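I am opening a notebook on a structure that is new to me. I will write down what I look up, entry by entry.

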Amino acid sequence: VELRVEEEKLLRMIGEVAGRVSQVRKMIGGKMGERIVAELADLRMERAQFEVAITQKEDPNGCFVGDKRLAFDATGVDDVEFVMSANPGEPLRPLAKVASGGEMARVMLALKRVLAQADQTPTLIFDEIDTGIGGRVGNVVGEKLWSLSSTHQVLVVTHLAQLAGYGDRHYHVKKQVEGNRTRTQVIALTDEDTRIVELAEMLGAQGESGKLSARGILAEADQYK
């Protein structure tokens, strides 16, 4: 009997703490969702919806939260999941099931931007983040990626010159066939002239006009930095 009494006392204490944690999660989750939606709008996903879904499961042997008994573990009584709708008319579904490769990269950028101060991941890698965006939005993405570099090492694979212009280090990656082997070569573009030529080629522009456009991209990025 004494053990039962002690068990109930502890379950009520756990429920009280878990209930407070759950309230804070719901409040912060709502604010986080709003900020991520704003970031996605900047990244040309203006109609996307994003929410932090928090659910709970009842358990007859769980802790006491209000007039319910809820299942719990070391993290509390909440099951937390990121859900989104990438396009109008689509229901909110788990993030991994609704975003394409390029969209997922942009969603991750939005998440990392919002969670930059709390995230302890030292290196972030973004691939295909330029899918479906043009040069104007590329500048916005470049600015957001570069802002993350104050707290993380950021690696970006891109074919978009406006985005590449924001890199502090620029590498050209190419494949070449030698005999029956395919090798990948990574070339560091260490001087501005070489980088300008590369950016002009990424733009598909020839001659001095292409180089002029490339210089403009670098100048705009340098001005933002």
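**Entry 1: terms.** I call a residue buried when its relative accessible area is under 20%, exposed when it is over 50%, and partly exposed in between. The model I am reading is predicted.

**Entry 2: Glu 39.** I looked up Glu 39 under that cut-off. Its relative accessible area is 13%, so Glu 39 is buried. I then looked for its charged partners. Glu 39 forms a salt bridge with Arg 113, with the closest N and O atoms 3.4 Å apart. Glu 39 belongs to helix α1 and Arg 113 to helix α3, so this pair ties together parts that are 74 residues apart in sequence. Arg 113 is partly exposed, at 27% relative accessible area.

Glu 39 also forms a salt bridge with Lys 144, where the closest N and O atoms are 2.7 Å apart. This pair links distant parts of the chain, with Lys 144 in helix α4 (residues 135-148) and Glu 39 in helix α1, 105 residues apart. Lys 144 and Glu 39 are both buried. I noted the network too: salt bridges link Glu 39, Asp 42, Arg 113 and Lys 144.

**Entry 3: other salt bridges.** How many salt bridges does the structure hold? I find 9. One of them joins Glu 7 to Arg 4, with the closest N and O atoms 3.5 Å apart. Glu 7 and Arg 4 are 3 residues apart in helix α1 (residues 2-42), so about one helical turn separates them. Glu 7 is partly exposed at 39% relative accessibility, while Arg 4 is exposed at 61%.

**Entry 4: Arg 106.** Is Arg 106 buried or exposed? I find it buried, with a relative accessible area of 6%. Arg 106 sits in helix α3 (residues 101-114). Leaving out residues up to four places away in sequence, I list its contacts, among them Leu 40, Leu 43, Arg 44 and Ile 129.

**Entry 5: a surface patch.** I looked for nonpolar side chains on the surface. Leu 10, Met 13, Ile 14 and Phe 72 form a patch there, with about 340 Å² of accessible area together. Phe 72 lies in the loop between β3 (68-70) and β4 (79-85). Phe 72 is partly exposed, at 37% relative accessible area.

**Entry 6: β8 and β9.** I followed strand β8 (residues 171-178) to β9; the two run antiparallel, joined by 8 bridges. Val 173 has Val 186 in β9 as its bridge partner. The hairpin has 2 residues between the strands, and Gly 179 takes a positive phi near 65 degrees. Of the 8 residues of β9 (residues 181-188), the number buried is 0, so β9 lies largely in the open.

Terms used. Residues are numbered from 1 along each chain as its sequence is written. This is a predicted model: local features need pLDDT of at least 70, side-chain atom pairs count only at pLDDT 80 or more; totals for chains, interfaces and linings use all residues. Side-chain values use heavy atoms; hydrogens and water are left out. Buried means under 20% relative accessible area, exposed over 50%, partly exposed in between (1.4 Å probe, protein chains only). Helices (H or I, at least four residues) and strands (E, at least two) are DSSP runs, numbered from the N terminus. Two strands pair if DSSP finds at least two bridges between them. Patches are made of residues with over 30% relative accessible area and no salt bridge: like charges are joined within 9 Å, nonpolar side chains (Val, Leu, Ile, Met, Phe, Trp, Tyr) within 5 Å. Accessible areas come from the Shrake-Rupley method with a 1.4 Å probe; for residues, only the protein chains shown count as cover. A salt bridge is a side-chain nitrogen of Lys or Arg within 4 Å of a carboxyl oxygen of Asp or Glu. Contact means heavy atoms within 4.5 Å.
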